[in-house]
Amino acid sequence: MSGRVGHVTQAESSTMQYCSTRGGVGGWSFRDVLFSGYAPDGGMFMPETLPVLDPDALRSWRGLSYPRVVVEVASLFIPPQLIPRDDLGVLVEEALSGFSVPEVVRVARLKDGLTVLELFHGETLAFKDLAMSCTVHFLSYFLKKESRRAVVVVGTSGDTGGSAIQSAKGLPGLDVVVVYPRGRVTPVQEKHMTTCLEDNVHVFAADGSSDDIDQPLRRLFADQQLVLSHGLMSLNSVNWSRILIQLAHFVYAYLELSEVERAEPGAALPELEVVVPTGGAGNIAAAFIVKQMGVPLRLVAMVNANDIVHRTVTRGDFSMADKVTQTLATAIDIQDPYNMERVFWLLLGRDGASVKAMMEEFQRSHRHSLSEEQRRLLSDVLSTGAVSDEGILETMRRCWEENLYLLCPHTAVAVWHHYHCPHSWGVNRCYVATASPAKFQAAVQKAGLPFSPPAALQALDGLPTRCQELRRSADWSKDWEDRLRRHIQDVYAARKSRSAPPP
């Protein structure tokens, strides 16, 4: 590891270990958590300690390319005895080599200080391609090194499934099982999943919401016998490696947009406000971790009509609505912002017992009320807002009229904040663009804006498709769990028999 980071020594990086947010597991390695989903006690993995990025480190990183920032950040959390620094650099370079712009992540500077961080230049045109491609390369590195197999199981609200499939298709030693909510993803998102016919890709269309899908998947990952015997793992943002790479989004944004290079030595570093469209809360959790590491960020989470994060921050009402509301911003139509568990854990001083009680109550009853002290702690570090579909369309139209710049509906959820919340003097602001508008043709057309789909998307229309169905039933959650369990067992057994040496 390079010596750029002021408060993180080689020894500290070499001993980086991970624990569960619910307190039942500790001392796991990066390799352990990479191959896991939820922790065995139902919690999420987090580093036992967070490195600190001091002002000298941040100044010295100014001007690094996005891939170099990823390597610098990842090397703080992946000990060199697991992935040597040179190997880590090669893996990240290979993972990010197929993006459509040379800088991988692009910054668009528009009228009146509107600055957009474009994270969507990967193969499936969504921010998840960045972390997914790196995570899959880390996974493949260990599988090859250990001569073993794994089965990745992914529930998706739209973008994660396609990204996982495109990153892992055809890889030896790896099968990918993706479950998506039928009728609740865009045609492009669906085609990115169902047109992939590689033998190691298994796609299921479920009659329900993404939150419905999460229920049987949680139970599968809680079955440690299944997890260990079949190499079961998750590539949702449950997986720490996904969050780890997302840390780099916010470090890079800070280096590019805060004007940190102008700060005098010894003076306080400038703040950067980052505004994030929020569903499962993976990006906002990553941004909060970066803030905890010493980077001076102001955080704003913007949601659509599925406003649980907004209600939690403003009223302490951490409870699901009766049903998921379908909106134009489909990928954040989520009522279970599961990565908020990581935020709660940090806010509550890494108190696993308190987080366990909170989250188990939430999972049992779908509601939990934060104490006023807890709500105040949260609102001190996170601001929120909620945007209707009409607000999304209004934002898309205004941004186009003023800049000739198309927003996807999710990015519009964030950019609504630009038009309705005054800019703090002296604080730069960044809006996170999580997907290309090319994926959301219906929303662009509903806004009355011009749209010309890229050739790569047009080509999807003529491709054959393949998927299996998970139908609604009286005991649908258990039925889906059983169906997926049998499929995982059958796939693993078939692969194992093919790889066995002849008698």
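Two strands count as paired if DSSP finds at least two bridges between them, and strands (E, at least two residues) and helices (H or I, at least four) are DSSP runs numbered from the N terminus. The views below come from a predicted model, where local features need pLDDT of at least 70, side-chain atom pairs count only at pLDDT 80 or more, and totals for chains, interfaces and linings use all residues. Residues are numbered from 1 along each chain as its sequence is written, and side-chain values use heavy atoms, with hydrogens and water left out.

**View 1. Strand 3 meets strand 4 in a hairpin.** Strand 3 (residues 106–109) pairs with strand 4 in the antiparallel sense, over 4 bridges. Look for Arg106 opposite Glu118 of strand 4. The hairpin has 5 residues between its strands, and Asp112 takes a positive phi near 60°.

**View 2. Strand 4 (residues 115–118) is covered on both faces.** Thr115 and Leu117 on one side are buried, and so are Val116 and Glu118 on the other (buried: under 20% relative accessible area, 1.4 Å probe, protein chains only). Strand 4 also runs parallel to strand 14 (residues 428–433), joined by 3 bridges. Here Glu118 has Ala433 as its bridge partner.

**View 3. Helix 13 packs against helix 16.** Helix 13 (residues 308–315) and helix 16 (residues 372–381) pack at about 115°, with their axes 7 Å apart (axes are lines fitted to C-alpha atoms over the stretch in contact, and angles run from 0 to 180 degrees between N-to-C directions). That makes the two helices roughly perpendicular (65 to 115 degrees). Thr312, Val313, Thr314 and Arg315 of helix 13 touch Arg375, Leu378 and Ser379 of helix 16 (contact: heavy atoms within 4.5 Å).

Note on methods:
Buried means under 20% relative accessible area, exposed over 50%, partly exposed in between (1.4 Å probe, protein chains only). Angles under 35 degrees count as roughly parallel, over 145 as roughly antiparallel, 65 to 115 as roughly perpendicular and the rest as oblique.
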